[in-house]
Structures are given as structure tokens and as C-alpha cells.
Amino acid sequence: SRQIAHGGESTLEIAGRRIGGGVFATIAGPCTVESREQTLSTARIMQDVGVQFFRGGAYKPRTSPYSFQGLGRDGLKILAEAKAETGLPIVTELMDVRDVEAVAEVADIIQVGARNMQNYPLLTEIGRSGVAALVKRGLSATLEELLMAAEYILKEGNPNVLLCERGIRTYETATRFTLDIAAIPVLKEQTHLPVVVDPSHAAGRRDLVLPLSMAAAAAGADGIIVETHPEPEKAVCDGPQQIRASEFGDYLRQVEAAAALA
Ligand code: PEP
Ligand code: MN
């Protein structure tokens, strides 16, 4: 599935979609699967505006154990339905090795959340599953640590790994995390793997998602993973950072224009 493209970068082909090595791709969808209607209506819009992959969490790593934890298996079923209807490949998070088979059945790309970046047994199981993976940088992880996390998956003979910069902890409080733009060229110098940026969790605020996305695209990111919701004010989690689905097409055209400059 891997071809070496320009500059020694890999273009991965996952579920018929390409990413990396000069091919920019967008992964978009809600923070979490809340209901069938919310998920399917978002997926239809994403399909219409030309997104390549659909995201949505069925298992959510929440700071508080009292917050909504995701629909679990029921959420996976809704994602499978979204894929069957729109044809969009699915990106969804796996948090627990006990769910690897259930998630692998639905996911075209298994997401490793920032909080699980150094969960080595989880990384090894994802490597063995053979399903492509998107590994998010830990909240306080160095780029070297991110690369070593990816190696746990690659080592099992699974070559389809995407690296994701999603913002790191700094003393700044104006944004939820600080997006490390330099991570993009640094990672691309050190690895052939595609580098994806998550502007949503870095920003924590909808109005910053477009400028961060454009900066990422212009700096050479191979793709973005971004949150969107039909009615962000009613979202069960991360409402303030989710782009209104009806505005996603306009947003995406501007990001793609910035990617074309890179
Ligand atoms: C997410 O993408 O849904 C998420 C929880 O992100 P992170 O692991 O980067 O916080
Ligand atoms: Mn979220």
C-alpha cells in the first residue's frame, strides 16, 4: 500500500484514499458519535463537500469520569452505517486493547489519542491488527517520543501510520493547547510518514480553527483532522471548537487553497 513519492515521503493508500507525499487529505466529523441522526447528517455533508475520511469517537477519553464517555459498541454501529451510506472511510479512537477487534471491524484508520500515545500494549495490538493508525502526539510528548510510539506499530509489520500534531501543554492559556507548527517540518525531515494536524483540539475555539489549519497546510502538513457538528451549541463535547457543518465547505476551500501553496 505504500509508494515512495517525492522527497522520500510516502503516499499511503487507505481504503482507496491517498494521503502524504504531496497529497493533502481532510479527516472531518464530530468529536463524538452522539446519535444516528447527528452522525449521519454530518457524514452526508462531509461527503458532499469533498472530505476524504470521516472521524467520530465511540470511545471518548474524558478528563472527568462523570462526563459522557461515548456510545461504545452502539457508536461503532452508527459509524458503520455512515460508512455504508456515504462510502467515507472511518477514523475512530481505540482506547482499550479489549476493544481492538470491534474497532478494527469498523475503522479504516484507528486513532490513538494523545493520552494513550505511550500505551505500548495498545500500540502493539494496533500494529498486529493490520489496520492503519493515526497516532496523536501526547500532551507533553517530544517529537522523538511520538516517533518511537509510531515505531511500536511499524515494528509489527503495519506500515500505514499517520503522525498527528494536536497541540502541546505550555504556559499559554489563550488556546486550549499550543499548536507546534515547527513539528511539521521537523517530523517531515525525520520520517517518510504523513504528518496530520488537528487544529480543533489545539485551538479549543472555533474562530482559531481556520487560521491554524491554513498555517498547518502552508507549512506542509499532509492533512488535517478537524471537528464539525450540525449544531455545535448542542454538542455533547467540544462544542466551542466544532465548525458548524453547514459552514464546512467554505472553511475547507480556504484550507485547500493554503495547501496548494505548500
Ligand atoms: C479526539 O480527537 O477526539 C481527541 C480526544 O483528541 P486528543 O486525543 O488529541 O485529545
Ligand atoms: Mn474532541
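Biologist: Two strands count as paired when DSSP finds at least two bridges between them. Which strand does E8 join through four bridges?

Modeller: Strand E9 (residues 161–165), and the two run parallel. Helices (H or I, at least four residues) and strands (E, at least two) are DSSP runs numbered from the N terminus. This is a predicted model, where local features need pLDDT of at least 70 and side-chain atom pairs count only at pLDDT 80 or more, while totals for chains, interfaces and linings use all residues. Residues are numbered from 1 along each chain as its sequence is written, with chains lettered from A and ligands numbered from 1 in the order in which they are written.

Biologist: What is the bridge partner of Val135 in E9?

Modeller: Leu163. From E8 the chain reaches E9 by way of helix H5 (residues 143–154), a right-handed β-α-β crossover. Right-handed means that, with the strands pointing away from the viewer, the path from the first strand over the helix to the second runs clockwise.

Biologist: And which way do E7 and E8 pair?

Modeller: In the parallel sense, over four bridges, with E7 covering residues 109–112. Val112 is the residue opposite Val135 of E8. Helix H4 (residues 120–129) carries the chain from E7 to E8, again in a right-handed β-α-β crossover.

Biologist: What about E6 and E7, how many bridges?

Modeller: Three, also parallel, with E6 at residues 90–93. Val91 sits opposite Ile109 there. The link is helix H3 (residues 100–106), and this β-α-β crossover is right-handed.

Biologist: How many residues of E8 are buried?

Modeller: Five of five, over residues 132–136. Buried means 20 or more other C-beta atoms within 10 Å of a residue's own, exposed 12 or fewer, partly exposed in between, with C-beta atoms placed from the backbone. Ala132, Leu134 and Lys136 point one way from E8, Ala133 and Val135 the other.

Biologist: Switching to the core. Which residues touch the most other members?

Modeller: Ile109, Ala133, Val135, Leu163 and Val196, in a largest nonpolar core of 79 residues. Helix H8 (residues 206–218) gives the most to this core, six residues. A nonpolar core is a set of buried Ala, Val, Leu, Ile, Met, Phe, Trp, Tyr and Cys residues joined through C-beta atoms within 7 Å.

Biologist: What does Ile109 touch?

Modeller: Beyond four places in sequence, its contacts include Ile14, Phe53, Pro89 and Leu162. Contact means C-beta atoms, placed from the backbone, within 7 Å.

Biologist: Now the ligand. What surrounds ligand 1?

Modeller: Cys31, Gly57, Pro61, Gly113, Ala114, Arg115, Lys136, Arg166, Asp198 and His201. A residue is near a molecule or strand if its C-beta atom, placed from the backbone, lies within 6 Å of it. The shell splits into three nonpolar, three polar and four charged residues. Here Ala, Val, Leu, Ile, Met, Phe, Trp, Tyr, Cys and Pro are nonpolar, Asp, Glu, Lys and Arg charged, and the others, Gly among them, polar.

Biologist: Backbone next. What is the phi of Ala15?

Modeller: About 50°, positive although Ala15 is not a glycine. Most residues other than glycine have a negative phi. Ala15 is in the loop between strand E2 (10–14) and strand E3 (17–19).

Biologist: Why does Ala15 count as partly exposed?

Modeller: Because Ala15 has 15 C-beta neighbours inside 10 Å.

Biologist: And where does Asp238 lie?

Modeller: In the loop between strand E11 (223–229) and strand E12 (243–244). Phi of Asp238 is positive too, near 55°.

Notes:
Two residues are in contact if their C-beta atoms, placed from the backbone, lie within 7 Å.
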